Amino acid sequence: MLKIQNKKLDGIVCLDDKSDLTKASFIASNIFGNRIKIEKFAERSINLNKELINLFLLITVKGGEINLEGKEEFLPLFLTTASFAVAKTNFVGVDLTAKNTLDTIRVLKELGVLIEIKEDKIEVDGRGLVRGKEIDATNLENSLVFALIIAGTVSFGEISLINLKENEELKEFIKVFESLGGVVVF
């Protein structure tokens with residue numbers, strides 16, 4: 001079991017050699033109210049980072065319709081970010097039958113997020129009411145696990161992940177998370 005305590009992240013981190021998913025997770029964490037300064041992005045990822053930052057800001061400030069075609073890897077982060085927004089956000093350009101999409105929607109519903117599939121889109125009614133809860137992480141993709149860990153820093157109650165299978169990317173993610181003051185208990 002992995003418990004994520006409600007403690008905001010704060011600090012400076014270099015993510016130059018980390019995966020795009022790890023970078024996106026920590027970019028999103030600032031939207032959730034954490035205070036992270038990210039240094040030294042690789043030249044190849046600067047445009048992706050700018051695009052992600054713009055999408056995260058658009059979701060939190062304005063909501064509306066967001067096309068995620070080609071960005072499915074980041075879907076759990078975008079949906080989780082939308083759950084903390086003050087407006088409704090509709091996501092299109094997403095495979096609504098993909099396992100990661102369905103897992104993300106199911107888990108966010110378990111945490112109290114108002115989220116539904118409507119016609120050809122996913123609608124998230126953001127209110128920032130992500131509750132703590134024990135979540136069965138059996139076969140969840142890293143993108144969802146990372147989103148849950150980041151959300152756990154500001155959720156109402158502790159998020160716990162049971163049956164979590166560790167892998168190298170998760171270990172590296174947790175190492176960065178803890179270096180920024182994040183608290184996880186195994």
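Modeller: The largest nonpolar core has 60 residues, and those touching the most other members are F26, F78, L79, F91, I122, I149 and L161. Helix α5 (residues 142-151) contributes the most to this core, giving 8 residues. A nonpolar core here is a set of buried Ala, Val, Leu, Ile, Met, Phe, Trp, Tyr and Cys residues joined through side-chain atoms within 4.5 Å. Buried means under 20% relative accessible area, exposed means over 50%, and partly exposed lies in between (1.4 Å probe, protein chains only). Helices (H or I, at least four residues) and strands (E, at least two) are DSSP runs, numbered from the N terminus. In soluble globular proteins, nonpolar side chains tend to be buried together.

The model is predicted, so local features need pLDDT of at least 70 and side-chain atom pairs count only at pLDDT 80 or more, while totals for chains, interfaces and linings use all residues. Residues are numbered from 1 along each chain as its sequence is written, and side-chain values use heavy atoms, with hydrogens and water left out.

Setting aside residues up to four places away in sequence, I122 touches L75, L79, T89, N90, F91, V94, L96, T101, I105, I115, E116 and I117. Contact means heavy atoms within 4.5 Å.

The structure holds 5 aromatic pairs. In one of them, F56 and F78 are tilted, with 4.8 Å from centre to centre and 35 degrees between the planes. This pair links distant parts of the chain, as F56 is in helix α2 and F78 in helix α3, 22 residues apart. Rings of Phe, Tyr and Trp (its six-membered ring) pair if their centres lie within 6.5 Å; planes under 30 degrees apart count as stacked, over 60 as edge-to-face and the rest as tilted. F56 is buried because its relative accessible area is 0%, and F78 is buried because its value is also 0%. Separately, F26, F146, F173 and F177 form one aromatic cluster.

T80 is found in helix α3. Its relative accessible area is 1%, so T80 counts as buried. Beyond four places in sequence, T80 is in contact with F32, L108, A147 and A151.

I135 sits in strand β8 (residues 134-136). It is buried because its relative accessible area is 0%. Apart from neighbours within four places in sequence, I135 is in contact with V107, E110, L111, L140, L148, S160, L161 and I162. The C-alpha atoms of I135 and L2 are separated by 9.8 Å, although these residues are 133 residues apart along the chain.

Among the contacts of I135 is E110, which belongs to a network of salt bridges together with K99, D103 and R106. A salt bridge is a side-chain nitrogen of Lys or Arg within 4 Å of a carboxyl oxygen of Asp or Glu. D103 lies in helix α4 (residues 99-110). With 12% relative accessibility, D103 counts as buried. Not counting residues up to four places away, D103 touches N139, L140 and L144.

The count of salt bridges comes to 10. E51 and K71 form one of them, with their closest N and O atoms 2.9 Å apart. The two residues are 20 residues apart and connect distant parts of the chain: E51 is in helix α2 (residues 46-61), and K71 is in the loop between β4 (64-67) and α3 (75-83). E51 is partly exposed because its relative accessible area is 37%, whereas K71 is buried because its relative accessibility is 14%.

D17 and K18 also meet through their side chains in a salt bridge (3.0 Å, N to O). D17 counts as exposed because its relative accessibility is 63%, while K18 counts as buried because its value is 13%. In another salt bridge, K118 and E123 have their closest N and O atoms 3.3 Å apart. K118 is partly exposed, at 32%, and E123 is buried, at 15%.

Lastly, the surface. I53, L57 and V61 make a nonpolar surface patch of about 260 Å². I53 is in helix α2 and counts as partly exposed because its relative accessibility is 35%. Patches are made of residues with over 30% relative accessible area and no salt bridge; like charges are joined within 9 Å, nonpolar side chains (Val, Leu, Ile, Met, Phe, Trp, Tyr) within 5 Å. Accessible areas come from the Shrake-Rupley method with a 1.4 Å probe, and for residues only the protein chains shown count as cover.
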